[in-house]
Amino acid sequence: MKVSKLIFNSENGFIHHKQTTTFDDKKCQLVLAFGDRILLENSAPYQQIKEKFPNASIVISSSAGQIVQRKIELDAIAIIAIEFEKSSIKTIEHNVFTDLTLQDFGNRIENELLHDDLKALLILSEGSLTNGTELINEFIHRTQKRIPIFGGLAGDEIRFEKTIVGLNKDAAPGNIVVVGFYGNNLSFGFGSSGGWSDFGPEREVTLSNKNTVYKIGNRFALDLYKEYLGKYADELPGSSLYFPLSMKEDELSEPVVRTILSINEVQKSMTFAGDIPQGSRVRLMKGNHDKLADASYEAANQAFNKKYSSPQIVFLVSCVGRRIVLGNRIEEELEVVREVYGDDSYIFGFYSYGEISPSFEKVASELHNQTMTITTIFETI
């Protein structure tokens with residue numbers, strides 16, 4: 001596998017950040033490009049990317065910050081181009097506005113992507129409208145938990161207005177792109193960790209519908225949440241990034257983190273990036289700078305494959321909430337990843353509205369919020 005990592009903007013064009021010596025633009029098979037949503041809309045970069053990589057499948061997604069090695073790029077489009085030597089990919093796209101149901105999308109996954117040599121699936125989904133839990137569960141069902149699934153939900157900085165994704169065209173609202181990776185020479189590693197601290201009592205969700213929570217205990221969900229937020233309540237929904245929920249579906253399940261996407265003042269409800277089932281148990285969480293950075297180090301070690309001491313690609317999907325809480329210390333969670341993998345690896349990724357990664361409990365995949373997820377990709381020759 002040969003890799004080229006670039007920065008692109010309309011003024012300066014393509015600027016190489018790091019590249020395998022013998023990389024050939026014309027042999028490149030896959031390009032992933034991440035940028036601020038407004039920048040992507042104004043620059044319409046697809047045509048220029050296509051001219052540089054004429055034979056590649058090109059996926060473009062909006063984000064809440066682009067990760068390049070140990071830094072965040074905010075004013076440019078971050079690009080990673082991959083030339084496989086003994087492996088291949090296939091891609092499909094679904095639009096939530098114009099295409100059929102999620103089940104029909106699942107049929108396409110099953111019919112078009114599930115082959116014997118499929119090693120992993122990458123999902124890059126619009127992040128404003130999609131219920132991430134339903135999306136992942138459909139994929140887990142279709143793959144029968146046998147194929148690892150990773151990726152994330154597109155971001156829109158901290159605007160939360162709309163997100164855009166595109167396959168072989170400029171990014172637009174409503175799109176979900178899936179990339180299948182094929183070949184016995186490919187190896188993947190996965191890790192995820194949050195680092196958030198619980199506070200307050202654990203409470204039962206007494207009324208919810210999928211990813212919308214109406215009551216916690218005998219209180220309206222929004223009223224209870226505002227009570228805990230105090231002075232931050234007036235800044236909702238943005239301030240919710242500082243205070244996600246920890247959710248356990250039952251007493252035996254491991255907790256996952258859920259981020260609020262929107263609130264409804266009339267219904268006094270809260271809508272989250274993933275499902276919070278009725279009967280589940282929730283607690284508020286808050287961030288600590290050191291614990292968040294430590295969690296990134298833990299995720300990096302989980303994904304580290306001792307067999308391949310220098311993975312060629314280290315793909316990071318972290319959460320916009322982590323970026324907000326860490327503030328000007330955000331690069332600390334990227335620096336610890338570099339410490340694990342060294343300068344030879346291609347560290348690349350984006351800040352998202354939801355992270356998709358396998359977990360120890362659900363081998364195939366799970367939707368995470370406020371979490372650093374890491375996927376390592378290595379191709380033997």
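The model is predicted, so local features need pLDDT of at least 70 and side-chain atom pairs count only at pLDDT 80 or more, whereas totals for chains, interfaces and linings use all residues. Residues are numbered from 1 along each chain as its sequence is written, and side-chain values use heavy atoms, with hydrogens and water left out.

**The cores**

Select L121, I123, F139, V178, L316 and I374 to begin. These residues have the most contacts inside the largest nonpolar core, which has 47 residues. A nonpolar core is a set of buried Ala, Val, Leu, Ile, Met, Phe, Trp, Tyr and Cys residues joined through side-chain atoms within 4.5 Å. Buried means under 20% relative accessible area, exposed over 50%, and partly exposed in between, with a 1.4 Å probe and protein chains only.

Next, centre the view on I123. Contact means heavy atoms within 4.5 Å. Not counting residues up to four places away in sequence, I123 touches L135, I136, F139, I149, F150, G151, G152, I176, V177, V178 and I356.

**The aromatic rings**

A pair of aromatic rings is described by the distance of the centres and the angle of the planes. Rings of Phe, Tyr and Trp (its six-membered ring) pair if their centres lie within 6.5 Å; planes under 30 degrees apart count as stacked, over 60 as edge-to-face and the rest as tilted. The count by this rule is 20 aromatic pairs.

Select F34 and F348, a tilted pair with 5.8 Å centre to centre and 45 degrees between the planes. F34 belongs to strand β3 (residues 30-35) and F348 to strand β23 (residues 346-352), so the pair ties together parts that are 314 residues apart in sequence. Helices (H or I, at least four residues) and strands (E, at least two) are DSSP runs, numbered from the N terminus. F34 is buried at 1% relative accessibility, and F348 is buried with a relative accessible area of 0%.

Move to F199 and F243, whose ring centres are 6.3 Å apart with planes at 70 degrees, so this pair is edge-to-face. F199 lies in strand β14 (residues 197-209) and F243 in the loop between α5 (221-229) and β17 (245-248), so the pair ties together parts that are 44 residues apart in sequence.

Now display F34, F84, F150, F181, F188, F190, F315, F348 and F350 together: they form one aromatic cluster.

**Lysines over rings**

A charge sits over a ring if NZ of Lys or CZ of Arg is within 6 Å of the ring centre and within 35 degrees of the ring normal. Select K18, which lies over the face of Y346 at 4.6 Å from the ring centre. K52 lies over the face of F14, at 5.5 Å from the ring centre.

**Two threonines**

Select T91 in strand β8 (residues 88-95). T91 is partly exposed, with a relative accessible area of 22%. Leaving aside neighbours within four places in sequence, T91 is in contact with S57, L167, V178 and V179.

Then select T376 in strand β26 (residues 372-379). T376 is buried, at a relative accessible area of 4%.

**The cysteines**

How many disulfides does a search of the whole structure find? The search finds zero, a disulfide being a pair of cysteine sulfur atoms within 2.5 Å.
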